[in-house]
Amino acid sequence: MEDHKDSIASASGKIGRDQYHTVITSGKHTVNADEPEDKGGTDKAMNPFELLLASLGSCTVITLRMYINRKMWAIDAINVNLELFKTATGVFIETKLHFTGEITDEQRKRLITIADACPVHKLLIGNVVIDTSLS
């Protein structure tokens, strides 16, 4: 364990006997998770992998919107589609961006760089340590 840690976020999850409906809370916000029916769940919410992609996707478009607003570019909408693949060596996430509005090829190239700099993207490709214990 590292000596110094700065908290970025916190969340908690709770599951009862429901198979596998989970309630996740963070501050005053709540989301649900579940598993698809073919995995024994009730498919009432996104599964954990989908939530991971949702986190990356939302961080990506928020980061892009902040940058676009700062530059005052005439981009009306940003869409992101993500897909998670299992590969022989691990996992691969494909992210496809689409912009609506006035945008040059140079701006498109810059926005791909900015998308890859979103905090969740950096976290996923960085050095992550998970320490699980009982409370």
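H4 sits in the segment before β1 (12-15); strands such as this one are DSSP runs of E with at least two residues, helices are runs of H or I with at least four, and both are numbered from the N terminus. The model is predicted, so local features need pLDDT of at least 70 and side-chain atom pairs count only at pLDDT 80 or more, while totals for chains, interfaces and linings use all residues. Residues are numbered from 1 along each chain as its sequence is written, and side-chain values use heavy atoms, with hydrogens and water left out.

H4 has a relative accessible area of 58% and is exposed (exposed is over 50%, buried under 20%, partly exposed in between, with a 1.4 Å probe and protein chains only). The side chain of H4 makes a polar contact with that of D6, at 2.9 Å. Such a contact is a pair of N or O atoms within 3.5 Å; within protein, one must be able to donate a hydrogen and the other to accept it, and residues adjacent in sequence count only if both atoms are side-chain atoms.

Beyond this segment, the protein chain has three helices and five strands, in the order β-β-β-α-β-β-α-α from the N terminus. The protein chain is more spread out than a compact globule, because its radius of gyration is 18 Å, well over the 14 Å that the globule rule gives for 135 residues. That radius is taken over C-alpha atoms, and the rule is 2.2 Å times the number of residues to the power 0.38. Along the principal axes, the C-alpha atoms fill a box of roughly 55 × 40 × 40 Å. Of the 135 residues, 19% count as buried.
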